[in-house]
Amino acid sequence: MSEVADAQAPQTGVVGPSSAPDDVLRVEHIAKRFGPVTALRDVNLHLKKGEVLGLLGDNGAGKSTLIKIICGFQKQDAGKMFIHGELYEPRSVDDARAHGIETVYQDLALIDELSVYHNLFLRKERVHHPIPLLANRQMKREARTALDEIGINIPRIDVAVARLSGGQRQAIAVARTVNSDADIILLDEPLAAMGAKEGAQILDLVARLKAEGKVSIIMILHNYVHVLEACDRVSMIQEGMIALDKPTAETSVEELTDIVVNEYRRAREAAHVAEAAAAKGTANGGAAG
Amino acid sequence: MASAAQSPAQSDPSAGSGGEEHHRSLPGGREVLNRLIALREGSIIVVTLITAIYFAANTSSFFTGANFETLLPYFAPFAILAAGEVFVMILGEIDLSIGAMYLFAPILFYKLDSSVGLGLVPGVIVTLLVCMAVGALNGFFVAVVEINSFVTTLATLFCFEGLALIVSHGTPVATPGAAVHTTEVAVKHVVNGHTITLQEKVNHIGTFAKIFGGGTYSELIWAVAIVLILQVVLTFTRWGLYTVAIGSNKLGASEAGVRVKLVMIRNFLLCALTAGLVGIFEAVRSGTVQPDPAGANEILFLAVAAGVIGGTLLTGGSGTVVGALIGALFLGVLEDGLVLQGVNANYKLFYLGLAIIVAMTANVYVGRVRRGHVGSG
């Protein structure tokens, strides 16, 4: 296993994640294009056991794409992934789940028409034997216990999730992943649509999972204060590459903000230059014509 | 109402636990109505009851056993067709090709019997397998190639209605296994104290015909069994759960790991199977295989209507098989009632359309009351 870990040491300056044999997940040189759009150029990432990794990046930087590749929903164009040092090529979401990866998607993947407990158990339904009818009573009971354990307060679990508030829906989506035997949990903006109190609940939950040390978490967040509070380490994606990879203890809100702002300025300047060049081009063209 | 307000123990009538509540008045009709409305099928049950009561009050023969037998073919086949269609409609899709399967299945069955000599039951099995293959093809084009289901199934509707005409040369034939045998039986009569024996003619149909649609209650039994089984599948199995999930949030379902394409193909397959089955039943019941696309198209629309009237959304995500049965019953009651009332045949279609609009309006209104009712509870 350690040979594999040492095999490909990324060499892109600060970007290089220091691979270690205790990595539960390692992502190497992942690239992904959607037609003319390059979502991911060359992403290297690693996740240690029990670690909470904050994935940062501006809108459209490719964070959600990376999550969708890791969770088996999409396939990368290039690059490899390893789980516990072994090559990991998920064929489907189910396959990824069999490898112990659970995901909360940005759009939550909740089914409005189904009840809270059916959503919690979607694709993990409890059924009777030998006739595989849904064991609704058992699912209700287990759902209630799971939600209580997590500390999420949903008054009724047999109502359709369409009737819940945004924060409650988010909580259900998070609870769905926690309520599993996963060892890697991917959270795509778990605090979106949440009130301060509900958000704190989710962060508490993450802290508790971290303290238990059984699962490793990759979490996309936008609020840098939350990142520094909840994560052990941050990776920032810019233009489809990892631009920064540091323990949270060694960085600050200022540094993270600076990187993003500088990037923004650079992009704006580049745009200006391009615009000017284009304008010049047109002027020249006009003169020539 | 007044008594409910006076009883302090019962704070929430909608959550009523039944059992030991004692009102000074009778347990109000309103409460029963509330219970009924709380069901998804509630509104169409109410509407059907009102329609039946109307015809019972206005005609002398509506509420008779003989009329019930007349009513059966008006609704049992539609109930089976609608049960399959509901599985597609919950996905948010539609299957128009059931009209073609209905038409094509008995013709194929006839050919398998007359030209191939396959025998009755194997013929039925092969016919249904072919129908399922066509359904799977529909599902493939909708789920994998991603052609809109209306367009896909319109194409298969035309193709297989066309094929039915090509194969049958447009000529009606006698349905295999549905032949009526007449035997003479000696029946003893007592006339003025004398016993006399008379030869009487009795019509028989074979066991095959009795089971596959020919028997008086055959289609009703099939309809009830199929509806019950499919309702259980819809409510209590993973398949049903995934069907609702796909109709409600296709992307979310696939992100959760539901194999969306597989479930969609399976539902189209089921729908074609029920249509083929009904086609054979109706051919056996009537004794002839009629290559008549116009009739088949009317049946297709009535089946879809039964599903919608029964409370299944055309937009998907919600539906009920039992509701489809009651929707079919409503259409049957309406058709039968109009005939009994002596409505001019030319007016019948007009009244049918009018009644569907009125019923659907009542349905939507009652549904709104239901949601408001549940929402406040």
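Over which residues of chain A does the pLDDT stay under 50, and how many contacts beyond four places in sequence does the model have for them? Select residues 1-18 of chain A: the pLDDT stays under 50 there, and the model has 28 contacts beyond four places in sequence for this stretch. Now go to residues 285-289 of chain A, where the pLDDT is also below 50. This second stretch has zero contacts in the model beyond near neighbours in sequence. Keep in mind on this tour that you are looking at a predicted model. Where pLDDT is low, the predicted coordinates should not be read in detail.

**Colour chain A by confidence**

The mean pLDDT of chain A is 83, and 89% of its residues reach 70 or more. Start with helix α1 (residues 2-7) of chain A, where confidence in the chain is lowest, at a mean of 43. Then jump to strand β4 (residues 78-83) of chain A, where confidence is highest, at 93.

**Helix α2 of chain A**

Next, select residues 63-70 of chain A, which form helix α2. Eight of the eight residues in this helix are buried. Step just past α2(A) to A:Gly72, which takes a positive phi of about 85 degrees.

**The two domains of chain A**

Colour chain A by its domain assignment: domain 1 covers 2-251 and domain 2 covers 252-289. Where they meet, domain 1 of chain A brings 10 residues to the contact and domain 2 of chain A brings eight. To find the domain 1 side, show α8 (224-230), β9 (233-238) and β10 (241-247) of chain A, each of which supplies at least two residues. The largest share of that side, three residues, comes from α8(A). By class, the domain 1 side has seven nonpolar, two polar and one charged residues.

**Where chain A touches chain B**

Bring both chains into view. Their contact takes 20 residues from chain A and 17 residues from chain B. On the chain A side, select helix α3 (residues 93-98) of chain A, which gives the largest share, three residues. The chain A side as a whole divides into 11 nonpolar, two polar and seven charged residues.

**The largest nonpolar core**

Now turn to the largest nonpolar core, which has 176 residues. The residues with the most contacts inside this core are A:Met219, B:Ala79, B:Met101 and B:Ala306. Helix α12 (residues 260-286) of chain B gives the most to the core, with 16 residues.

Centre on A:Met219 and show what surrounds this residue. Leaving aside residues up to four places away in sequence, A:Met219 touches A:Val52, A:Gly54, A:Leu55, A:Leu187, A:Pro190, A:Val206, A:Ala230 and A:Cys231.

**Across to chain B**

Hide chain A for the last stop. Chain B has 15 helices and four strands, and 42% of its 377 residues count as buried. Among its contacts with a separation of 6 or more, 76% join residues 24 or more positions apart.

Select B:Val86, in helix α4 (residues 65-90) of chain B. Is this residue buried or exposed? B:Val86 is buried, because 35 other C-beta atoms lie within 10 Å, and 20 or more is the cut-off. Apart from residues up to four places away in sequence, B:Val86 touches B:Gly307, B:Thr312, B:Gly319, B:Val321 and B:Ala324. Finish by drawing a C-alpha to C-alpha distance from B:Val86 to B:Leu230: the two are 144 residues apart in sequence and 9.7 Å apart in space.

How values were computed: Residues numbered from 1 in each chain as written. Chains lettered and ligands numbered in written order. Predicted model: local features only at pLDDT ≥ 70, side-chain atom pairs only at ≥ 80, totals over all residues. Buried ≥ 20, exposed ≤ 12 C-beta atoms within 10 Å, placed from the backbone. Contact = placed C-beta atoms within 7 Å. pLDDT = per-residue confidence, 0-100. Nonpolar A, V, L, I, M, F, W, Y, C, P; charged D, E, K, R; others polar. Core = buried A, V, L, I, M, F, W, Y, C linked by C-beta atoms within 7 Å. Domains from an automatic or database assignment.
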